[in-house]
Amino acid sequence: MVRSLPVDYRLGLAVVLGLMAIGPGDTGAQVSRLSQIELPEGFSIGYFAEGVTGARSLAQGPGGTVFVGTRQAGLVHALVDADGDGAADERYQIASGLNSPNGVAFRNGSLYVAEISQILRYDGIENRLDSPPQPFVVTDGLPTDTHHGWKFIRFGPDGRLYVPVGAPCNICDEPDPYNAILRMDVDSGSYTIVARGVRNTVGFDWHPGTRRLWFTDNGRDYLGNDTPPDELNELTSNGQHFGYPFCHGRGIREEELRSSRSCSEFRPPVQELGPHVAALGMRFYTGTMFPERYRDQIFIAEHGSWNRTDPIGYRVMVVRLGAGGQPIAYEEFATGWLQGRSAWGRPVDVMVRDDGSLLVSDDRRGAVYRIVHESGSSQDPDPEPPPDPDPDPDPDPDPDPDPDPDPEPPPPGPDGPCKPNAETLCLHGDRYEVRVEWWTGDGETGSALVATEATQDSGLFRFFDADNWEILISVLNGCGVNGHYWVYGASTTDLGYVIRVADTVTGDVKEYRNAPGNPAAAITDAQAFPDSCGR
């Protein structure tokens, strides 16, 4: 075990930026690389720490210490911002000579470090940064394969340690525990498998509301520049299979294995990411420094492609979630590490600090960046008005319908056309707003997603829940039938659901319900909105 004394590097940020050179061999002007990073208006980026060799996965202790794992460097770093100015002024080396200690996690005063085949625990570490204890081996029974063998680890809301075991290849069908995410009891070292069909996840987090596990997954190589996509997935029930190696993205079958298995057997990603972007660390933004539109949204660090003709990635992205909790947009947030065809940095992980700032690690630059918003601190109110205010907003969906279920629907707005989005279908000249909500017998709720098959006068609502994602509710234009509006539901799901149709002109609301555990046949109401087609 190697240790070092703290290193004081209290250089002012301006000095640090001024000394950054463009690259090896440059004898011209000294220019800050950070000036090349582009962020949305109101945001800025600086260094939390430089000289952090091989900086990859991030974790923090309750005392504010930031722990940083590495791969090839075999090091575990600890960074301390002792004076609270937003830049680390003390650095410690917790360990060296480890076998790809990529993953770091913190719980109950102990730092957990994931090597290729074992998990280590350093007890009381924040009080012993300058003299780390010998580690306790939590388990040494994980596979020894180095291909996708480095691990990202985190503790879930259940107090268990989540540990992925990647595929030991580009494409192959290996037995458990490969291609999986494990849930480990750190007292015994025993584990269960919570997700299968996962090629290589190096980042995951739990939704702050639903507590469901979301994770990135890297797609296979050598299918061309533009396929398959990387993935963002949501685990809604333990044991779900996410397709690898039989299916990639939302429907790309793997031909190399000559398997007869269909993509319909597996849970598809909730968001397809860029092809070969190497999506790694991800976090839900739970701070309050950033504007409201970033709250509970997903930040993803994209490490960047390694064999694509035109490089892609090398950035931090935002996946925006709609009112129903499902992705509605995939947008750039921080770019500039890729300049032309050359990248000077590679983002690896993201982490929200207690002050609401966002840390980003970079293993190529050996740095940890800190992104802040001009609002200053978590105590400041959000100074930015909401974008594109709508003078005639849609009625908000009921975010948590009573699982009984008998809540009164919220009244719709008095006027204004229906505005389509991921959860809302608009029919008959945008006059009728149609939404679907579902619930389970134990009270878990959610909003259905308008599928891509939807058109102006007909649409499909897709449920996102265990064993029910493929179930469709269809709302059809029935104007040709008796001159009335016709709602039709076809379902074999055990979920309860409500189809809610609101007339945005009169304010009338019509509902069609099905109780959980009671698969429904077609439901119709020829008198739902008399003479609606003629208005």
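Visitor: What kind of model is it, and what should I know about the numbering?
Guide: It's a predicted model, where local features need pLDDT of at least 70, side-chain atom pairs count only at pLDDT 80 or more, and totals for chains, interfaces and linings use all residues. Residues are numbered from 1 along each chain as its sequence is written, and side-chain values use heavy atoms, with hydrogens and water left out.

Visitor: How many disulfides are there?
Guide: Two, where a disulfide is a pair of cysteine sulfur atoms within 2.5 Å. One of them joins Cys169 to Cys172, with an S to S distance of 1.8 Å. The other is formed by Cys247 and Cys263, whose sulfur atoms are 2.0 Å apart.

Visitor: Is the link of Cys247 and Cys263 left-handed or right-handed?
Guide: Right-handed, with 105° about the S-S bond. This pair links distant parts of the chain, 16 residues apart: Cys247 is in strand β18 (residues 247-248), and Cys263 is in the loop between β19 (252-253) and β20 (271-275). Strands here are DSSP runs (E, at least two residues), numbered from the N terminus.

Visitor: And which hand does the link of Cys169 and Cys172 have?
Guide: That link is left-handed, at -85° about the S-S bond.

Visitor: Are Cys247 and Cys263 buried or exposed?
Guide: Both Cys247 and Cys263 are buried, and Cys169 and Cys172 are buried too. Buried means under 20% relative accessible area, exposed means over 50%, and partly exposed is in between, using a 1.4 Å probe and protein chains only.

Visitor: Switching to the backbone, which peptide bonds are cis?
Guide: Among them is the bond from Asp176 to Pro177, with omega near 10°. Pro177 sits in the loop between β11 (161-165) and β12 (180-184). The bond from Thr227 to Pro228 is cis as well, with omega near -5°, and Pro228 lies in the loop between β15 (213-217) and β16 (229-235).

Visitor: Which residues other than glycine have a positive phi?
Guide: Arg211 is one of them, with phi near 65°, and Asp296 is another, near 60°. As background, most residues other than glycine have a negative phi, and most peptide bonds are trans.

Visitor: Where are those two?
Guide: Arg211 is in the loop between β14 (204-206) and β15. It counts as exposed because its relative accessible area is 54%. Asp296 is in the loop between β21 (279-284) and β22 (298-302), and at 35% relative accessibility Asp296 is partly exposed.

Visitor: OK, the core. Which residues touch the most other members?
Guide: In the largest nonpolar core, of 27 residues, those are Phe290, Phe299, Phe333, Trp337, Leu358, Tyr369 and Ile371. A nonpolar core is a set of buried Ala, Val, Leu, Ile, Met, Phe, Trp, Tyr and Cys residues joined through side-chain atoms within 4.5 Å.

Visitor: Which strand gives the largest share of this core?
Guide: β29, with four residues.

Visitor: What does Phe290 touch?
Guide: Not counting residues up to four places away in sequence, the contacts of Phe290 include Phe43, Arg295, Phe299, Phe333, Leu358 and Ile371.

Visitor: Now strands. Why is β6 largely enclosed by the rest of the structure?
Guide: Because four of the five residues of β6 (residues 103-107) are buried. β6 pairs with β7 (residues 110-114) in the antiparallel sense over five bridges, where pairing takes at least two DSSP bridges between two strands. Gly103 stands opposite Ala114 in β7. Their hairpin has two residues between the strands, and Asn108 in this hairpin takes a positive phi near 50°.

Visitor: In what order do the strands of the open sheet run?
Guide: The order is β10-β11-β12-β13-β17, five strands with mixed pairing. The edge strands β10 (154-155) and β17 (240-241) each pair on one side only. β10 and β11 are antiparallel over two bridges, with Phe155 opposite Leu161 in β11.

How values were computed. Contact means heavy atoms within 4.5 Å.
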